[in-house]
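Morning, everyone. Please have the sequence and the structure open while I talk. I'll go through strands, then helices, then rings.

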Amino acid sequence: MRFLGNIEAKTDAKGRVFLPATFRKVLQASGEEVLVMRKDIHQKCLVLYPESVWNQRVDALRERVNEWDDEGQMVMRQYMKEAEMLVLDGSGRFLIPKRYLQMAEISQTVRFIGMTDTIEIWAAEKVEQPFMSQQEFSEKLKAIMAKKRED
């Protein structure tokens, strides 16, 4: 499952938005019907996880958290507390609850960005400028690609 694209959309007065058709097609082709939405842990954006991807991430976290460790349990609680299951309506829309709109500082216009196995939702004005300069991007990408994966 691979999401690719940078698509602008608008929320309605209730906070509903259409998931772009290109992303809906990827979900349908993969047999996914449920999405999980969570605020990103690093940036002021929202992340949509297909249910199977979400379950993999939660399983990986659960494997690393000792249920008898208070701190680990607090991390797990915080991670789960900020997640919500979504199902698209017949038109391909879903509701972004008000608290999520506030967390991501979204007013009306959003930008969906495909991030391989997840989809990010940004306030459109936050992604009008590049995330980093071309020079910095080139250097960081080169450094990342030179590293061996430790997974």
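Let's start with strand S3, residues 34-39. This strand is mostly covered, with six of its six residues buried. Keep in mind that this is a predicted model.

Now look at the two faces of S3. In a regular strand, side chains alternate between the two faces of the sheet. On one side of S3 sit Val 34, Val 36 and Arg 38. On the other sit Leu 35, Met 37 and Lys 39. All of these are buried, so both faces of S3 are covered. Note that the list includes Arg 38 and Lys 39.

What does S3 pair with? Five bridges join S3 to strand S5, residues 83-87, and the two run antiparallel. Another five bridges join S3 to strand S4, residues 46-50, again antiparallel. Met 37 stands opposite Glu 84 in S5. Met 37 also stands opposite Leu 48 in S4. S3 and S4 form a hairpin, with six residues between them.

Stay on Leu 48, please. Leu 48 stands opposite Ile 119 in S8. S4 and S8 pair in the antiparallel sense over three bridges.

So, on to S8, residues 118-123. How many of its six residues are buried? Six of the six, and the strand is mostly covered. Thr 118, Glu 120 and Trp 122 lie on one side. Ile 119, Ile 121 and Ala 123 lie on the other. Both faces of S8 are covered.

S8 also pairs with S7. That pairing is antiparallel, over six bridges. S7 and S8 make a hairpin with two residues between the strands. In that hairpin, Thr 116 takes a positive phi near 65°.

Next, the helices. The axes of helix H2, residues 51-64, and H3 come within 11 Å and cross at roughly 165°. Angles over 145 degrees count as roughly antiparallel. That makes H2 roughly antiparallel to H3. The crossing is right-handed.

Who makes the contact? From H2, the residues are Trp 54, Arg 57, Val 58, Leu 61 and Arg 62. From H3, they are Gln 73, Met 76, Tyr 79 and Met 80.

Pick out Gln 73 from that list. Gln 73 sits in H3, residues 70-81. Buried or exposed? Gln 73 has 17% relative accessibility. The cut-off for buried is under 20%, so Gln 73 counts as buried. Leaving out residues up to four places away in sequence, Gln 73 touches Arg 62, Val 65, Asn 66 and Glu 67.

Last topic, the rings. The structure holds five aromatic pairs. Take Tyr 49 and Trp 54. Their ring centres are 5.2 Å apart and their planes are at 65°, so this pair is edge-to-face. Both Tyr 49 and Trp 54 are buried.

A second pair is Phe 94 with Phe 112. Their centres are 6.5 Å apart and their planes at 75°, so this pair is edge-to-face. It links distant parts of the chain. Phe 94 is in strand S6, residues 93-95, and Phe 112 is in strand S7, residues 109-115. They are 18 residues apart. Both Phe 94 and Phe 112 are buried.

That's my tour. Questions, please.

Methods:
Residues are numbered from 1 along each chain as its sequence is written. This is a predicted model: local features need pLDDT of at least 70, side-chain atom pairs count only at pLDDT 80 or more; totals for chains, interfaces and linings use all residues. Side-chain values use heavy atoms; hydrogens and water are left out. Rings of Phe, Tyr and Trp (its six-membered ring) pair if their centres lie within 6.5 Å; planes under 30 degrees apart count as stacked, over 60 as edge-to-face and the rest as tilted. Buried means under 20% relative accessible area, exposed over 50%, partly exposed in between (1.4 Å probe, protein chains only). Helices (H or I, at least four residues) and strands (E, at least two) are DSSP runs, numbered from the N terminus. Two strands pair if DSSP finds at least two bridges between them. Contact means heavy atoms within 4.5 Å. Axes are lines fitted to C-alpha atoms, for helices over the stretch in contact, and angles run from 0 to 180 degrees between N-to-C directions. Angles under 35 degrees count as roughly parallel, over 145 as roughly antiparallel, 65 to 115 as roughly perpendicular and the rest as oblique. A crossing is left-handed if the near helix is turned anticlockwise from the far one by less than a right angle, and right-handed if clockwise.
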